[in-house]
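Dear colleague,

I am handing over the structure below, and after it I set out what was found in it. Please keep it open beside this message as you read.

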Amino acid sequence: MNQKDPSNMISNNEKLAADTLLVRNYLACIPEKNMLQDAERQQYRHDIKALLKEKNAVLVAHYYTDPELQSLAEETGGLVADSLEMARFGRDCAGDMLVVAGVRFMGETACILSPEKTVLMPNLEATCSLDIACPIDKFSAFCDQHPDRTVVVYANTSAAVKARADWVVTSSIALEIVEHLKSNGEKILWAPDKHLGRYIQEKTGADMLLWDSACIVHEEFKAKGLMDMKAVYPEAKVLAHPESPASVLAIADVVGSTSQLIKAACELPNQTFIVATDQGIFYKMQQLAPEKTFIVAPTAGNDASCRSCASCPWMGMNSLQAMYESLRDGSNRIKVEPELAKKAMIPLQRMLDFAAQHRMRVTGKA
Ligand code: 13P
Ligand code: SF4
């Protein structure tokens with residue numbers, strides 16, 4: 001098409017106007033959590049606390065969710081944690097209902113491990129790019145092509161993918177489980193996160209065949225920007241989640257799951273940390289180490305207007321309002337079909353049993 005032709009220019013302008021309107025309308029529909037007036041925010045907090053009590057419900061929140069929700073979980077006897085701890089706590093806690101602030105796979109895991117509990121989520125659309133990029137039909141065909149391999153899947157997958165696996169792992173226990181499988185002489189088929197898979201492969205030397213997908217949030221961290229930032233803060237330690245690209249992990253001082261990064265932030269003597277993971281984690285880091293400084297790792301090149309977009313769009317769907325409405329109406333209930341749940345429970349239980357034994361080996365406590 002000739003861009004200079006006046007008739008094309010008119011249609012281009014019209015298209016631009018239509019696109020602008022579309023984007024404006026889209027933005028207008030996004031619930032603006034930061035725009036809640038203080039009184040409104042307090043009212044939601046009050047009502048959510050009352051509903052949790054009334055329904056004998058427990059709130060479990062991931063470290064990436066809005067600090068409002070993390071503090072609510074803490075204040076109501078719930079839990080703020082990484083995905084492994086969320087699963088374990090959800091299974092073991094008393095209560096008839098679990099409210100999971102996180103993404104869909106976390107709600108499904110809670111449902112599989114606690115079939116007797118009602119599991120609600122503020123927003124059922126909150127998914128994960130890893131889950132989306134690993135559809136069960138393609139994944140199952142991939143497994144069928146490699147029957148000699150032990151199938152290990154990351155927790156960030158659907159119930160159907162878990163049901164096809166021998167093991168489920170989260171980032172806080174993946175290294176130990178793969179190490180264990182390697183020592184048994186097992187060859188591994190790994191899915192879906194290629195960066196975490198490659199990191200574990202490198203650490204353990206295990207024979208791993210990797211599925212090819214990545215987390216859209218962590219994939220954006222840039223080694224070049226990180227090096228520039230290190231030059232500005234030479235005393236800072238770099239903390240990175242293993243879903244980040246290899247070039248970023250190579251620069252990191254500590255690589256670990258969300259809970260492992262929080263532990264490092266507390267235990268290392270340094271004052272300043274550059275953190276390559278979702279910014280929601282800063283709430284807990286700052287709470288546990290108030291005297292330290294945490295800086296989000298850059299996700300953009302020098303020309304970009306946004307210096308860092310380290311924010312999971314799906315975790316961000318968990319708002320006070322959505323949580324209140326789901327609790328009030330009993331809506332957004334997560335269900336996993338019982339036959340599928342039974343199958344997915346096997347590799348999940350294997351992980352939890354291994355984690356319990358491992359903890360016993362490491363700490364000497366059950
Ligand atoms: P953790 O298991 O470390 O909490 O990570 C979950 C996740 O989704 C990271 O992006
Ligand atoms: Fe998934 Fe990445 Fe969001 Fe974690 S941060 S839930 S891996 S998209």
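Pro192 sits in the loop that links strand E7 (188–191) to helix H10 (194–204), and in this predicted model the peptide bond between Ala191 and Pro192 is cis, with an omega of about -10°.

Asn56 has a phi near 50°, which is a positive value in a residue other than glycine, and its place is in the loop between helix H2 (38–54) and strand E1 (57–62). Asn332 is not a glycine either, yet has a positive phi of about 60°; this residue belongs to the loop between helix H15 (320–329) and helix H16 (338–363). Which of the two asparagines is buried and which is exposed? Asn56 has 12 other C-beta atoms within 10 Å and is therefore exposed, since 12 or fewer is the limit for that class, whereas Asn332 has 21 other C-beta atoms within 10 Å and is therefore buried, the limit there being 20 or more.

As for the fold as a whole, the protein chain contains 16 helices and twelve strands, and 45% of its 366 residues count as buried. Of the contacts between residues at least 6 apart in sequence, 63% join residues that are at least 24 apart.

One part of the fold that can be followed strand by strand is an open sheet of four strands, in the order E10-E9-E11-E12, with parallel pairing. Strand E10 (254–255) and E12 stand at its edges, and because each has a single partner strand, one side of each is left without a neighbour in the sheet. Strand E9 (residues 237–240) runs parallel to E11 and is joined to it by four bridges, with Leu239 having Val275 of E11 as its bridge partner. Strand E11 (residues 272–276) also pairs in the parallel sense with strand E12 (residues 293–296), again over four bridges, and here Thr272 has Thr293 of E12 as its bridge partner. Between E11 and E12 the chain passes through helix H14 (residues 282–288), and this β-α-β crossover is right-handed.

The two ligands may be of particular interest to you. Which residues surround ligand 1? They are Asp82, Ser83, Asn156, Thr170, Ser171, Ser172, Cys215, His241, Glu243, Ser257 and Thr258, and by class this shell has one nonpolar, eight polar and two charged residues. At least three residues of the shell around ligand 1 come from domain 2 (130–217 + 339–363), and at least three from domain 3 (218–300).

Around ligand 2 there are 14 residues, of which the closest are Cys128, Ser129, Cys215, Val217 and Cys312. By class, the shell of ligand 2 has nine nonpolar, three polar and two charged residues. Here too, domain 2 (130–217 + 339–363) and domain 3 (218–300) each supply at least three residues.

Methods: Residues are numbered from 1 along each chain as its sequence is written. Chains are lettered from A and ligands numbered from 1 in the order in which they are written. This is a predicted model: local features need pLDDT of at least 70, side-chain atom pairs count only at pLDDT 80 or more; totals for chains, interfaces and linings use all residues. Helices (H or I, at least four residues) and strands (E, at least two) are DSSP runs, numbered from the N terminus. Two residues are in contact if their C-beta atoms, placed from the backbone, lie within 7 Å. Two strands pair if DSSP finds at least two bridges between them. A crossover is right-handed if, with the strands pointing away from the viewer, the path from the first strand over the helix to the second runs clockwise. A residue is near a molecule or strand if its C-beta atom, placed from the backbone, lies within 6 Å of it. Ala, Val, Leu, Ile, Met, Phe, Trp, Tyr, Cys and Pro count as nonpolar, Asp, Glu, Lys and Arg as charged, and the others, Gly among them, as polar. Domain bounds come from an automatic or database domain assignment.
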